[in-house]
Amino acid sequence: MKRILILLPLALGLQFCTYSQSKKQTAMEPSNQNNPVHSNSDTSNVNKTDAEWKKILPADVYQVAREKGTERPWSSPLENIKDKGTYYCAVCGNPLFISDTKFESGCGWPSFYQPVSKGSVIYAPDNAYGMKRTEVMCGRCKSHLGHVFDDGPPPTGLRYCINGVVLDFKKAQEAEKQYKKEN
Ligand SMILES: [Zn+2]
């Protein structure tokens, strides 16, 4: 009995930890304290070596962003959210997508039909694994984000299939909500 009493707070602590971690992913303030290049407004190009990135980025972000990994489908808390706001690059803070262009694709990853602007993402042919795909990278730091396919909805017909782990979501400002209420 004594042992159970000792273990119980531990188990509860772990649960809380998991909860706060998943919450952190959708929270407004990502943890970028150790990342000197992270900025939501600086558009200057970022060129760092993978060794430098490895020191700065969390392991799961590094694996997708710099090693072109893919997170497990349906694993991102960002996949189903419908809140208004902006999706930024989790590596450098560059604005990538807005919630208005997000749609439910059923593919298991956050999906958008259009990036914020033409330069916000860049593209490269990806012929790995015997597939002809188009890789999508951050226009500022060239981190791997995901792929774009031509089976998306109007108006673009494109489906940007993006790993949630390399996205930081920030809800729209209260001011914007107020503006929409008034108009
Ligand atoms: Zn970036």
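The structure is a predicted model, in which local features need pLDDT of at least 70 and side-chain atom pairs count only at pLDDT 80 or more, while totals for chains, interfaces and linings use all residues. Residues are numbered from 1 along each chain as its sequence is written.

Helices (H or I, at least four residues) and strands (E, at least two) are taken as DSSP runs and numbered from the N terminus. Two strands are treated as paired if DSSP finds at least two bridges between them. An open sheet is formed by three strands in the order S2-S1-S9, with antiparallel pairing. Strand S2 (95-98) and strand S9 (167-171) are the edge strands, each pairing on one side only. On average, neighbouring strands of this sheet are turned by 30° against each other, direction ignored; axes are lines fitted to C-alpha atoms, for helices over the stretch in contact, and angles run from 0 to 180 degrees between N-to-C directions. Strand S1 (residues 85-89) pairs with S9 in the antiparallel sense over five bridges. Tyrosine 88 is placed opposite aspartate 168 in S9.

Strand S5 (residues 121-126) and strand S6 (residues 133-138) run antiparallel and are joined by six bridges. Opposite aspartate 126 stands arginine 133 in S6. The hairpin of S5 and S6 has six residues between the strands, and tyrosine 129 in this hairpin takes a positive phi near 60°.

Tyrosine 123 also lies in strand S5. Tyrosine 123 is classed as exposed because 12 other C-beta atoms lie within 10 Å; a residue is buried if 20 or more other C-beta atoms lie within 10 Å of its own, exposed if 12 or fewer, and partly exposed in between, with C-beta atoms placed from the backbone. With neighbours within four places in sequence left aside, tyrosine 123 is in contact (C-beta atoms, placed from the backbone, within 7 Å) with Thr134, Glu135 and Val136. A C-alpha separation of 9.4 Å is found between tyrosine 123 and lysine 142, which are 19 residues apart along the chain.

A nonpolar core is a set of buried Ala, Val, Leu, Ile, Met, Phe, Trp, Tyr and Cys residues joined through C-beta atoms within 7 Å. The largest such core has 33 residues, and those with the most contacts inside it are Val61, Cys89, Val91, Leu96, Cys138, Ile162 and Val166. At least two residues of this core are supplied by each of helix H3 (59-65), S1, S2, S6, strand S7 (144-149), strand S8 (159-162) and S9. H3 gives the most, with four residues.

Technical notes:
Two residues are in contact if their C-beta atoms, placed from the backbone, lie within 7 Å.
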